[in-house]
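Please find below a note for a colleague who is meeting this structure for the first time. It is arranged as numbered points, from the whole chain to its details.

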Amino acid sequence: MHWSFLLQTLSLFLCCVHSQISSSKRGLVYVPNDKHPHDDSIWVAESSDLTWYYNYDSTPSPVFDNSTKLQFVPMLWGTSTTFLDDVTSQIKNGANISYVLTFNEPDGGGSTGGSAIPADTAAETWQREVEPLKKLGVKLGAPAVTGAPSGFTWLQNFFTACNGNCSVDFIPVHWYGNFEGLASHVGQVRGTYKNMTMWITEYADNDVSLKESQSFYNSSSQFFDRIDYITHYSYFGSFRSSVSNVGPNAAMLTEKGDLTDIGSWYLGGTETGKTPHGAAGRSVVFAGSAMVVLFTCILSLL
């Protein structure tokens with residue numbers, strides 16, 4: 001092995017593990033909570049790093065109506081018959097709608113937030129409610145399937161049912177689990193859909209320790225920022241730790257509504273030292289998974 005290659009690899013490795021605080025790719029997946037309206041303002045603070053958001057709905061959240069920081073991305077969650085009209089109306093009224101998302105985890109069940117829609121029904125709905133937006137210059141996201149093997153099967157069945165009539169521009173990805181699994185899954189999606197960009201619209205390492213959650217967050221965010229075909233990502237954790245369904249340590253807010261270290265990092269800030277309810281351990285700026293990050297960074301250059 002030539003020394004020049006070793007030096008290039010070392011340089012790449014150091015670049016990968018260097019903590020990057022800000023990123024224009026970051027967005028927000030968020031449903032406002034009437035019980036804690038103060039939490040809404042956290043995501044649109046002047047110092048926030050976020051540039052876009054979605055709320056699993058076709059219309060924007062009123063609490064963000066006056067925000068100039070967050071671009072709204074509508075989602076066709078299920079078999080709506082009004083999605084096209086909703087989005088078209090917003091565009092006619094001057095809204096900047098550049099992208100839409102579709103079908104939240106259609107291969108999953110309702111107990112985990114999935115829309116549980118047969119692929120052929122989704123294809124029919126897409127052609128009626130989503131495809132016409134292409135003529136308005138809107139970029140269309142594929143159905144956001146789960147990270148399970150069933151997701152690949154469902155998505156293939158969807159494209160088969162579309163019979164060439166679904167003009168998808170990008171592939172959304174969901175992942176819950178460790179960083180090694182995430183990197184492998186992203187690679188598999190890329191290998192399957194080589195010519196499409198990718199959005200990571202839900203991701204977290206669920207039900208693990210605080211140290212593991214923080215390590216996962218830092219590894220994954222640096223990974224996403226290094227890969228050019230990943231253009232957008234939104235961490236699943238914009239809620240209080242006391243109501244988190246992915247474990248308290250993955251949450252970006254403590255049970256009192258303060259930003260955790262992960263929450264502050266995600267908004268482009270520094271660690272807060274605020275520990276989510278039920279968690280223990282010390283902050284980790286970057287720990288573990290270094291070899292996986294190195295390997296995936298090298299692959300991104302090939």
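The points below concern a predicted model.

1. Overall make-up. The protein chain contains nine helices and nine strands. Of its 302 residues, 50% count as buried.

2. Contacts and surface. Among contacts in the protein chain with a separation of 6 or more, 68% are between residues 24 or more positions apart. The accessible surface of the chain is about 13800 Å², and carbon and sulfur atoms contribute 54% of that area.

3. The disulfide. The structure has one disulfide, which links cysteine 162 to cysteine 166 with an S to S distance of 2.0 Å. Because the torsion about this S-S bond is about -85 degrees, the disulfide is left-handed. Are its two cysteines buried or exposed? Both cysteine 162 and cysteine 166 are buried.

4. Strand E7. This strand covers residues 170-176. Six of its seven residues are buried, so strand E7 is largely enclosed by the rest of the structure.

5. Pairing of E7 with E8. Strand E8 spans residues 197-204. The two strands run parallel and are joined by seven bridges. Within this pair, phenylalanine 170 is placed opposite threonine 197 of E8.

6. Which helix belongs with E7 and E8 in a β-α-β unit? The helix is H6, formed by residues 179-192. Together, E7, H6 and E8 make up a β-α-β unit that is right-handed.

Terms used:
Residues numbered from 1 in each chain as written. Predicted model: local features only at pLDDT ≥ 70, side-chain atom pairs only at ≥ 80, totals over all residues. Heavy atoms only, no water. Disulfide = S-S within 2.5 Å. Buried < 20%, exposed > 50% of the residue type's maximum accessible area, 1.4 Å probe, protein only. Helix = DSSP H or I, 4+ residues; strand = E, 2+ residues; numbered from the N terminus. Contact = heavy atoms within 4.5 Å. Areas by Shrake-Rupley, 256 points an atom, 1.4 Å probe, with all protein chains shown as cover. Pairing = 2+ DSSP bridges. Right-handed = clockwise from strand over helix to strand, strands pointing away.
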